[in-house]
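Please read it alongside the sequence and the model shown here.

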Amino acid sequence: MRDVAIIAFAQLPSVRRDVTREEVELVQPVVAAALAQAHLRREDVGFTVSGSCDYLLGRPFSFVMALDAVAPWPPIHESHVEMDGAWALWEAWVRLQAGDIDTALIYAYGKSSLGDLPEVLVQQLDPYVVAPLGADAVGLAALQARALIDAGRVTERGLAELAAARRRQAADNPCAQRRAPRSADELLAEPYQVAPLRAHACPPISDGACAVVLAAGDTARRLVSSPAWIRGIDHRIEPHQLGMRDLTASPSTRLAAERAGALGGRFDLAELHAPFAHQEVILRDALGLDDGVAINPSGGALSANPMMVAGLARLGEAATRLMTGQGRRAVAHATSGPCLQHNLVCVLERDV
Amino acid sequence: MGANRCAIVGIGQTHHKAKRQDVSIAGLVREAAARALADAELTWKDIDAVVIGKAPDMFEGVMMPELYLADALGAVGKPMLRVHTAGSVGGSTAIAAAHLVMGGVHQRVLTVAFEKQSESDAMWALSPKIPFQPQLTAGAGGYFAPLVRAYIRRSGAPDDVGLQVAVKDRLHALKNPYAHLRIKGIDRAMVADSPMLWDPIRYLETCPSSDGACAMVMTSEAIAAAAPRPPAWVHGLSTRSEPVVFAGRDQVNPQAGRDCARDVYTQAGISDPRRDLACAELYVPFSWFEPMWLENLGFAAPGEGWKLTASGATALGGALPINPSGGVLSSNPIGASGMLRFAEAAMQVRDQAGEHQVDGARRALGHAYGGGSQFFAMWIVGRDRP
Amino acid sequence: MSAPPDERPPVTVLQAPVRLDYTVTAGHHLSTYLRALADRKIVGGRCPECHKVYLPARGACPTCGVPADAPVEVADQGTVTTFCVIRIPFDAAPFPPPYVAVAILLDGADMPIFHLVRGIEPDAARMGMRVRAVWVPDDQLGPTLASIRWFEATGEPDAPFEAIASHL
């Protein structure tokens, strides 16, 4: 495959409810910042692709106005996925393999604050036999957490300790939303949101946006001093019917990791898109990560979870750490759908 | 274009109807995909990745439906991508799928596009109540009618060119067993007498609202060598997007469409599209868009597109048949409409179009557009390996 | 042992009504425009690079990518660039059909806004027609484009086609 690298990443601080910015106002600053980091003029971008979701915004074609943020004039070569921006990045990586263009701009935005997020996410389920039951995303995640606890793989205290650790890490991330330190004991004193999940084991509801620039080969080397090379990237989907899945495992993550070359070898850090605390346990096991790997140094999705953004942000956070010398090799992961239905794995590496 | 060639070895579509109540959403997409696999003589297991597209999720009321459709499309354990670029999505989806092959990432890719508008209310989904602004227009027609008026004013076209396209595409549809509208006895008087909806657009000059799906199987050259039937080869493909509004924007003859066409012609080595292409499947949701796109795509000089239509050249049997399938005016499952254009172009060069086949078609254009005439996706497919 | 074949027709319709409520935010730039409407003013934003005046001001100029937000007040009258006559009834329609929806290039702006023209027969609508805003009474003014009830003809001579040709 052609060598392609992440060469820039910019994000807005995630907030519970951003009343000052509509979509284009979310996207414009992160696109401008990412292009500046990449030393790239907008007219020199070879391919632009974005990730967003109409149901979050409550209206069709919501991506159309947001496109103004990249000023698509003269007309640009462009696409959009109704998915997390991590899949937009995958489409861009595929597009760069063709060899005729050298750079791509990816952006993602999400305003979960506009609607009632758990109710909105019900609409993701099988419309005939599951969605009418009204099982929301938190409830389904709780089913998964219960299965994991019953399997003896984690305890409620273990989830609280994990959440406390992420908060400590998020304190160093100005873009994180949950940054106030809390001890595991304090977190365990919270009431259940949906048992066995307390608020700390569930993601915050966030508004946010981020942008990434990819470049191939010599272009990447010319534009920045230490590109974060994509050594492998793959994603796999699982059955939608939850009854067909072992919720305590993530075989799609495992398979994607195998295809991306993420099994075996040493990683300095991992950015895992685990909106719920117990999902980090499942993902860590699927990826075979040992205690030597720094997991979610950004604080992860437990600290900020702008829908459609948080997956792409994992890739961007991991790349930024490599580009700034905080490690040489990283694995980044993104997820989509209820209970980790669809998973993307990306191996990133900095030149020595 | 990429380093690897891409072949279309399987094509399938559903019978398009106002309401396909005999199938669920999953049943609808599976019907098209199963036909594409049968055409390719491949099984679900042979497929490496699935790329799916559709227009807004609100048309069915299912958010990110690729999640629910993974099982029905045999995607479990595979990569699955969901594209959404408004009305152009069927084309953009096919292009994303082709790039998987051209980039050497996968060898056998299934691509599917669909819309099942009967599951929700498309007029509602297109005209939601947005705060801060009063409701002014009504659906897509209210948006595009002023553009049609601007085209007529600019080009000086006689009023009846729209009628002619409306009749011609419906006559083509009578030759297409999958078409939604098959209007017996369609003629100019029937169209002229139909109600004026969004003046100057009459009822029979608009596309229907359809349930339907389209699917294609694309493979690398090595896999295509074992295909049971001759493939269609991708000779050129591209997308262009421009802002929905900006000061001084030409929405009648948008630059994004002109640029996209130039790009695919260059890739395919085409200098005169009217001479070098056997036919074209263009996204014409309102009859007047045929002459508008003929100009935008370089088949006619600016202001001259209507003359090509009026001459009869764009009818089957003419020098440049446009929409031999009956086009969007005859079947409009929105998310699939663009892919149907791409697929019908491929069917032509595979000599697979039955009664609406253009004799000896060697190269054909598939075209899709969306949003406020701002998103364009096109490909040129050919009988010969490029 | 197998069940007898079910002779009943298949289920073809399943009613599953969904209601989702959203609280939409206007954002910074649209708010400026909406607040001005409550004061009977139409305020757009000028792009610092291409100097075009947008209505409303925008978080990103569609052709330059920078905020187009230097405030500019434009006139409440202008020229119809194009229009359509709506003859199809639908739920959210503001009036019973037929009625005329227009794109209006307000004097001082560089791109049209969409509104309605009343007080003329639908067949009398034309490109180039000069129109002015009819505002609601003071006590009904608010931060919404509905502060303008509709537009009406000014009676001035029509603008030449060249004046609107680049705004179609």
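In chain A, strand E2 (residues 47-51) pairs in the parallel sense with strand E4 (residues 103-111) over five bridges; strands here are DSSP runs of at least two residues, helices are DSSP runs (H or I) of at least four, and both are numbered from the N terminus, while two strands pair if DSSP finds at least two bridges between them. E2(A) also pairs in the parallel sense with strand E3 (residues 78-81) of chain A, over four bridges. Ser50(A) has a bridge partner in each of these neighbours, namely Tyr107(A) in E4(A) and His80(A) in E3(A).

E2(A) is mostly covered, with five of its five residues buried, where buried means under 20% relative accessible area, exposed over 50% and partly exposed in between, computed with a 1.4 Å probe on protein chains only. Phe47(A), Val49(A) and Gly51(A) point one way from the strand, whereas Thr48(A) and Ser50(A) point the other way.

## Basis of the model

This is a predicted model, in which local features need pLDDT of at least 70 and side-chain atom pairs count only at pLDDT 80 or more, whereas totals for chains, interfaces and linings use all residues. Residues are numbered from 1 along each chain as its sequence is written, chains are lettered from A and ligands numbered from 1 in the order in which they are written, and side-chain values use heavy atoms, with hydrogens and water left out.

## Where chain B meets chain A

The contact between these chains (heavy atoms within 4.5 Å) takes 54 residues from chain B and 58 residues from chain A. The area buried between them, that is, the accessible area (1.4 Å probe) that two parts lose on being put together, summed over both, is about 4,800 Å², and carbon and sulfur atoms give 68% of it. On the chain B side, Met58(B), Met63(B) and Leu67(B) lose the most area to chain A, together 15% of what that side buries.

Between chain B and chain A the count is zero salt bridges, a salt bridge being a side-chain nitrogen of Lys or Arg within 4 Å of a carboxyl oxygen of Asp or Glu. Among the elements that give two or more residues to the side of chain B touching chain A are helix H3 (89-102) and helix H9 (255-268) of chain B, although the largest share, four residues, comes from E3(B).

## Where chain C meets chain B

This contact takes 38 residues from chain C and 29 residues from chain B, and the two chains bury about 2,900 Å² between them, 71% of it on carbon and sulfur atoms. The count between chain C and chain B is one salt bridge, in which the side chains of Asp199(B) and Arg87(C) meet at 3.1 Å, N to O. Six residue pairs are in polar contact, both residues at pLDDT 80 or more.

The elements that give two or more residues to the side of chain C touching chain B include strand E4 (77-86) and helix H1 (27-37) of chain C, and E4(C) gives the most, with five residues. Two bridges join E4(C) to strand E5 (residues 196-199) of chain B, and these strands run antiparallel, with Trp198(B) standing opposite Ile86(C).

Methods. Polar contact = N/O pair within 3.5 Å; in protein donor to acceptor, adjacent residues only side chain to side chain.
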